[in-house]
Amino acid sequence: MLVFMAVVISTAVLTGALVIGDSVKYSLSQLVDQRLGKVEFAMVTGDRFVRAELANEISRELSVEVTALLTMKGMAINVQSQNRIPNAQILGVDTSFWALSKINMPRLASNEVIVSKNVAEELSLEAGDELLLRVQNVEIIPVNAPFATDEESTIALRVKIIAIASDDQLGRFSLRNNQLAPFNIFIQRDFLAHKLDLNGLSNLILSSSSDHTTVAGVNQSLGENWKLK
């Protein structure tokens with residue numbers, strides 16, 4: 001009888017562990033999907049910049065969705081309450097960013113933003129409210145390079161929220177390997193680039209894939225379309 005009970009208990013423990021393991025695996029898989037959407041390849045250049053047109057050239061050559069982003073650090077401030085988020089992720093995007101993951105979102109105009117759900121909750125904001133952004137200023141020449149100028153460290157942008165992105169609408173978009181939801185603010189890339197004097201440039205290129213897309217193929221396309229300028 002004791003042996004039978006031991007077998008029953010052991011079986012229950014093992015079954016529970018397997019169920020929990022499958023549940024955790026599913027949760028992590030779902031989290032990855034929410035963060036990345038259909039993104040399969042990424043080129044992150046940080047404080048260096050490449051031509052945004054590179055995304056279109058790779059897209060045409062590989063017949064996959066490719067998008068160029070301009071990512072910056074910034075601060076988000078509720079104009080009315082002055083509550084703020086000091087570590088917001090500012091993402092300069094265009095319609096191709098949402099198209100890559102087959103998501104329908106409003107088209108952004110100048111001075112308009114889409115914020116993630118946690119930004120709206122943290123700052124008690126809704127669609128139609130105004131938001132003040134202080135975006136880290138950058139230059140094509142890195143600040144720590146010789147002869148780099150020491151200008152204003154941030155620029156101020158007063159924008160209007162036109163939509164709130166849920167987790168299933170890439171509100172949690174991030175390439176970082178952690179479980180913390182970033183405070184994402186999506187703004188029109190050309191508008192942000194103009195304000196930062198980075199017209200036509202990008203520091204993040206994302207690509208989807210097809211059955212025939214490989215890392216080698218993406219790298220080859222990048223090499224063929226890369227221009228030293």
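Predicted model: local features only at pLDDT ≥ 70, side-chain atom pairs only at ≥ 80, totals over all residues.
Residues are numbered from 1 along each chain as its sequence is written, and side-chain values use heavy atoms, without hydrogens or water. Local features require pLDDT of at least 70 and side-chain atom pairs pLDDT 80 or more, whereas totals for chains, interfaces and linings use all residues.

The protein chain contains 6 helices and 10 strands (DSSP runs: H or I of at least four residues for helices, E of at least two for strands). Of its 229 residues, 40% are buried (under 20% relative accessible area, 1.4 Å probe, protein chains only). Among contacts (heavy atoms within 4.5 Å) with a separation of 6 or more, 79% join residues 24 or more positions apart.

The structure has 4 aromatic pairs (ring centres within 6.5 Å, with the six-membered ring used for Trp; planes under 30 degrees apart are stacked, over 60 edge-to-face, the rest tilted). The ring centres of Phe-97 and Trp-98 lie 4.9 Å apart and the planes meet at 75°, so this pair is edge-to-face. Phe-97 is buried, at 2% relative accessible area. Trp-98 is also buried, at 3%. Together with Phe-173 and Phe-186, Phe-97 and Trp-98 form one aromatic cluster.

The lining of the second largest pocket comprises 7 nonpolar residues, 4 charged residues and no polar ones (nonpolar: Ala, Val, Leu, Ile, Met, Phe, Trp, Tyr, Cys and Pro; charged: Asp, Glu, Lys and Arg; polar: the others, including Gly).

Methods: Buried < 20%, exposed > 50% of the residue type's maximum accessible area, 1.4 Å probe, protein only.
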